[in-house]
Structure formats: C-alpha cells, structure tokens
Amino acid sequence: MRIRSGVRFRPQQAGWAVVLLLAALVMPALGPGNALAAALAVVAAYLAGRRLDSLSGSVSMLGAGILVAGALRLAADPSGAASRWLLDVLLVFAAVVLPWWWGRYRMLRTAQRRREHEVVAANARLLERTRIAQDMHDELGHELALIALGAGALEVDANSTEHGRRAAADIRERAAQAIDSLHAIVAMLRQDTSNGAAPLVPAGESIQALVARVRTSGLQTDLEQVPAPPGTPNPPREVQAAMHRVVQEGLTNAARHAPGAEVHIGIDEGKDPVTIKIENRRTSPAPAVGTGGSGLAGVAERLRMLGGTLEAGVHGQDFRLVARIPRSSRLPEPGPGTLALGPAPVDGSVATELADVRRTTRSRQWATALLPLGLATLLAGILVTVQVLTVVDNALAPSAYAQLRVGQARAEIVPLLPAGGLDGPTPMIAETPAPGNTTCIYYQARNGFLDFSTDMYRLCFGHGVLVSKDHLLPRNEG
C-alpha cells in the first residue's frame, strides 16, 4: 500500500492503516448520536495505535480522513459545510485521534519495556560468560600449574632416565604454553566490567584439602591456621569461597613463578577481618596485580566487592600476598552506578544503554503527542476565531433583544442589531413556524466573546415592521 505522501506500510500493517482511515471517515458520517458507531471508532482507533508503528503513516491516514470528510460535506451541501466540517473534526479528535494517541503511547511503552528486558538479559549473559571465563582461568590455570610443577620435579629427579627427563621437560613447556594460551583466551572472553556475580564455591574442597593436593604435586607447602574463637559463626559462603580462591591463586603463582621454592601459608580467623598471608621465595619475575587476564586481578576484584583488600608484591627475596576479608561480608546491593532490573546487576555501560532506550521512547512519545496537541491547538484557534467573528457580525445581546418591540419599524431598531445576520438557524436549533409573508433574520444569542450559548434569536419583518421576535432553543432543550 502506498500513500501520496510517500509513506510505505509493511503488508501486515496495511490493514490497520485502512482501519484508522475508515474510523476517521465513518465517525463524522454517523455522528455522535450513534453510540455503537462511536464505540467501534474508539476501539478501532485504539487498536490501530497499538499495532501501527509508522507515525507518519498514522498521521497521513487521519489527515486523509478529515480532508475527505470535509470534501464530502461540501459536495453534499455547500451551505453550512464549514461549520458542519468543524463539528466533524471535533468528533474525529475526540473519538479517533485521542484513542489512537493512547494506543500508540501504550505501544511505545511496551516496546520500551521489551527493549529494556533485552538489554538486561544480554547483560546477564555477558556477566555469566565473564564469570565462567574467570572460573575457567582459576581452575584450569591452577591445575596446569600443578602439572608443570610435577613435570619439573620429574625433570630434575636423579632417578629419571634421559628420555624421561626430556619427556618431563616437554610436558612442562607444553603446560606453560597452555597456561599462556588460557590467559589469552580468558582475556578475550572477559569484559572490562565490575560485577557482583556470586563466585562458584569449590565442590566440597576445603583449604586443607587444596593444600594436601598441591603437596602431592611436589610443591612444598606449609599451612598454619589460627581458628576462630569458639561459638563464632562460620563466615558466609562468599567469604569462604574468596578465602579458597586467595590460597588457590597464591599456590598457582608460586608453582609457576617459583618452582621448587617452599610456600608458607598463614590464615588467621581469630580476628576480623580474616587475614591470609602467603609467602614464597621468588625465582622469576613476580606477577602484577593489574595485568589484564591475571588471576590476581580477579581475586582483587572479588575481595573489593566483599569490602576486603589484596596486597601483592616483592619483599626482599620473597613474594608476599596478603588478603584481608571481613567475616560478615556479603555481596553489596546495587549502588547509584548500577540498576537492579533483572537477575544480575547492571553496570554503568548498560545503564547508559537503558537511558538511551528511555530517551528514544520519550522522544517518540513527544512526536506522537504533537498530532493531538497540534490538532487541539488548531481547533482552539478556529473556535476562538469563529467565536469572535460570530459575536462581531451575528450575535445579538440579550439586553438589546429585550428592547425590541413587535410593531417597531425596522429602521428604528437597526441601530440595536449587529451588522450581519444569518439566513437560517443552525442544524441543532428547534424552530417553530415563522409568520407568513415575512422575511426572517437569525442571530446568535450571545452577550460578549466569552458567551458560548447555542440559543438563537429570530426576527421576522413584514412591510418594514417587526412582526415577530422568537427565542429559539436547541432541540434537546425543547
């Protein structure tokens, strides 16, 4: 379907364009007295607003309906066509334009909520992918480091054959390459976003079990723990998982950067915050906390979300990692920089995207409101103009009407009459038969610009004398 304005409709929406056009045409033809037609026009316009997403197409249909209705009025009866068409426009505004606007407003709001849901869902998927990438880095990196450590132990074992040492060296080098590749892959999967996604709790593995497993791989590890006072409740699972991650990452770094060096782990749960200190003699450059893809960076961020801190650096010949975690920490509620619109928190970039969605919706809503506002302003301007012209040319004040007396000469009462006058009453006036052989002139019964009365006065003259004066009322007033 193609309109002269150049607006194109998708095939599935062409029907709703026709419905809107018919509503704008049928409503004036049937008039306000047909309640069923008015109700159908309201429902049809509302549904067209909900389904027809082209604003220019909707405006074209409504404009075409109003113009065609005026042309039909003019062709049917030129006399009084302007006033009747003005009433038609008022009917279309009330029964078609306003329901269409409300339907379109609801459509835009629904589209906004759907888009917001899509943005939040995409953010949730992104956070889950980031979490999986981090956990993959932590777990696989730890295991690969232990494989490299075990291979290194075989490589230097005096009881190993030359072939065995070469195989162990090859395994160690391949494990180191796998760790580097893992870092690169995770760096691509991770996004530069801080989130509060709950960490995965290791499957039933305690810190003691982790240390015991590492020892079997050949890493010399010393664990010293200060337990919490009796009666102290266990830390939340987020804190326990973070403690496990700190120890795991410390052992992973020691296995990779200080193979063969003894690792000392001290855990003090007797105070708040819980303190974890891991030290080892370094044999290669120490890892940097802020490096992209580094496990230490992930641990530092996890502790930050729990209100804790992580310190990692070189102290003399040793590399030291110190973590402090409040015992009662839990993941924080979303703050001013986040939006809690779904199962996962929304970071600042997504909040910006949501703000853009809302800004676009408001812009489209304002553009939609311009039609009823513009039409209402135009109608108000026309009505004011008509009122002014009516009062100036065709309105007879009640005080002047009261001074008129049947039998007065027309020349005598001309000074009391307006300059104009109407040849007949408006369609809504109930008129009684006029005296025979008289010429009647009709006036609006209004007393100033702010009087919008629909009553009329009829003055009938015969042989230059006022024969009758009648006060005509609208039909519904008898």
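**A mixed sheet and its nonpolar core**

Leu 303 touches Ala 242, Val 246, Gly 308, Thr 309, Leu 310, Ala 323 and Ile 325 (contact means heavy atoms within 4.5 Å), leaving aside residues up to four places away in sequence. This is a predicted model, in which local features need pLDDT of at least 70 and side-chain atom pairs count only at pLDDT 80 or more, while totals for chains, interfaces and linings use all residues. Residues are numbered from 1 along each chain as its sequence is written, and side-chain values use heavy atoms, with hydrogens and water left out.

Leu 303 belongs to the largest nonpolar core, which has 28 residues. Such a core is a set of buried Ala, Val, Leu, Ile, Met, Phe, Trp, Tyr and Cys residues joined through side-chain atoms within 4.5 Å, buried being under 20% relative accessible area with a 1.4 Å probe, protein chains only. Met 243, Val 246, Val 247, Leu 251, Ile 265, Ile 276 and Leu 303 touch the most other members. Helix 7 gives the most to this core, with eight residues. Helices (H or I, at least four residues) and strands (E, at least two) are DSSP runs numbered from the N terminus.

Five strands form an open sheet with mixed pairing, in the order 1-2-3-5-4; two strands pair if DSSP finds at least two bridges between them. Strand 1 (221–226) and strand 4 (309–315) are the edge strands, each pairing on one side only. Strand 1 runs parallel to strand 2 (residues 263–268), and six bridges join them.

Technical notes: Buried means under 20% relative accessible area, exposed over 50%, partly exposed in between (1.4 Å probe, protein chains only).
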